[in-house]
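Welcome, and thank you for taking a look at this one with me. Below are some numbered notes to read alongside the structure.

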Amino acid sequence: MTKYRRADPEISRRKFINVALGTAGAVGGLGLVTALAGVRPPNRITFAKLPAVDGDILVHAEGPNNGLPIKVADLNDKITRAWPQGKDNKGNTVIKKDEPNNLLIIYKFPVAELVAPTDLKGTDQGVVAYSGICQHLGCQVGDNASKPETILCPCHSGAYDPRAGCKVIGGPPPKPLPQLPIKLDGDGVMATAPLEGPYFGLTDSDWKALLEEAKTL
Ligand code: FES
């Protein structure tokens with residue numbers, strides 16, 4: 001994986017609208033073509049692009065354990081990158097890595113270090129997860145070597161506090177990295193809900209629509 005890169009612009013709101021238009025096409029001009037062909041157009045959003053939802057497990061997104069479930073023992077106070085992995089409606093296990101904005105970061109801190117506005121109910125024994133994509137222009141965030149208690153976005157020096165709900169503490173990001181509520185599942189980590197807000201590039205209404213779409217695949 002390229003360590004720092006902008007999120008695929010296709011993942012932006014424009015793409016989501018295109019997806020919606022694809023669906024709308026079934027009743028519009030494209031629908032006419034499709035009706036003539038006797039088939040419904042394939043839904044352009046695939047399970048591997050859907051966001052994390054309740055029950056997804058988190059798997060490594062890089063390194064020697066790439067694609068394997070994250071174990072609590074793997075975690076520490078530095079960033080571990082992860083993808084959500086779920087089961088589609090056919091029971092297939094799918095890593096949701098076709099959507100770059102699904103990238104997550106996970107930490108394990110001493111419990112007492114996690115403070116508001118972290119959603120403590122969405123943490124477990126100091127394990128906390130967030131979107132790994134900067135809310136400014138969609139770069140991957142990373143550890144800050146010169147100020148290790150913070151997250152640094154290398155593109156424009158955006159900074160976040162991972163012990164305090166990933167609130168913005170520097171630079172241009174307009175809002176915190178959304179938290180992914182999790183719980184420990186044996187020695188692994190499981191999402192208990194979707195991200196608590198839209199990832200980079202989506203409005204609140206687009207995010208809600210995407211979560212509705214996620215229920216259908
Ligand atoms: S993309 Fe992160 S600070 Fe600009």
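1. A pocket, as the word is used here, is an open set of grid points with protein on both sides within 12 Å along at least five of seven lines. Its volume is the space filled by probe spheres set on the points. Please keep in mind throughout that this is a predicted model.

2. With that in hand, how much space lies in the largest pocket? The value comes to about 160 Å³. The lining of this largest pocket is made up of 14 residues, and the closest to its centre are Phe 47, Val 53, Asp 56, Lys 96 and Ala 214. Two elements, β2 and α3 (204-214), each give two or more residues to that lining.

3. Now for the chain as a whole. The secondary structure consists of three helices and twelve strands. The protein chain has 217 residues, and 47% of them are buried. Its accessible surface is about 10500 Å², with 55% of that belonging to carbon and sulfur atoms. Among contacts with a separation of 6 or more, 59% are between residues 24 or more positions apart.

4. Next, the disulfide. How many turn up in this model? The count is one, and the link joins Cys 139 to Cys 155, with 1.9 Å from S to S. The angle about the S-S bond is -100°, and the link of Cys 139 and Cys 155 is left-handed. Cys 139 sits in the loop between β5 (127-131) and β6 (142-143), while Cys 155 sits in the loop between β7 (151-153) and β8 (158-161), so the pair ties together parts that are 16 residues apart in sequence. As a reminder, a disulfide is a covalent bond between the sulfur atoms of two cysteines.

5. It is worth checking how covered these cysteines are. Cys 139 has a relative accessible area of 1% and is therefore buried, since the cut-off for buried is under 20%. Cys 155, at 33%, counts as partly exposed. Two further cysteines can be looked at here: Cys 153 is buried at 3% relative accessibility, and Cys 166 is buried at 0%.

6. On to the charged side chains. The whole structure holds six salt bridges. One of them pairs Arg 81 with Glu 62, at 3.2 Å from N to O. Arg 81 belongs to strand β2 (residues 80-87) and Glu 62 to the loop between β1 (57-60) and β2, so this pair ties together parts that are 19 residues apart in sequence.

7. Another salt bridge joins the side chains of Lys 78 and Asp 77, at 3.3 Å from N to O. Here Lys 78 is partly exposed, with 36% relative accessibility, and Asp 77 is partly exposed as well, with 34%.

8. A salt bridge to finish with is that of Lys 121 and Asp 119, where the N to O value is 3.5 Å. Lys 121 has a relative accessibility of 76%, and because exposed means over 50%, this residue counts as exposed.

How values were computed:
Residues numbered from 1 in each chain as written. Predicted model: local features only at pLDDT ≥ 70, side-chain atom pairs only at ≥ 80, totals over all residues. Heavy atoms only, no water. Salt bridge = Lys/Arg side-chain N within 4 Å of Asp/Glu carboxyl O. Helix = DSSP H or I, 4+ residues; strand = E, 2+ residues; numbered from the N terminus. Buried < 20%, exposed > 50% of the residue type's maximum accessible area, 1.4 Å probe, protein only. Disulfide = S-S within 2.5 Å. Contact = heavy atoms within 4.5 Å. Areas by Shrake-Rupley, 256 points an atom, 1.4 Å probe, with all protein chains shown as cover. 1 Å grid on protein atoms, 1.4 Å probe; cavity = no way out; pocket = protein on both sides within 12 Å on 5 of 7 lines; lining within 4 Å.
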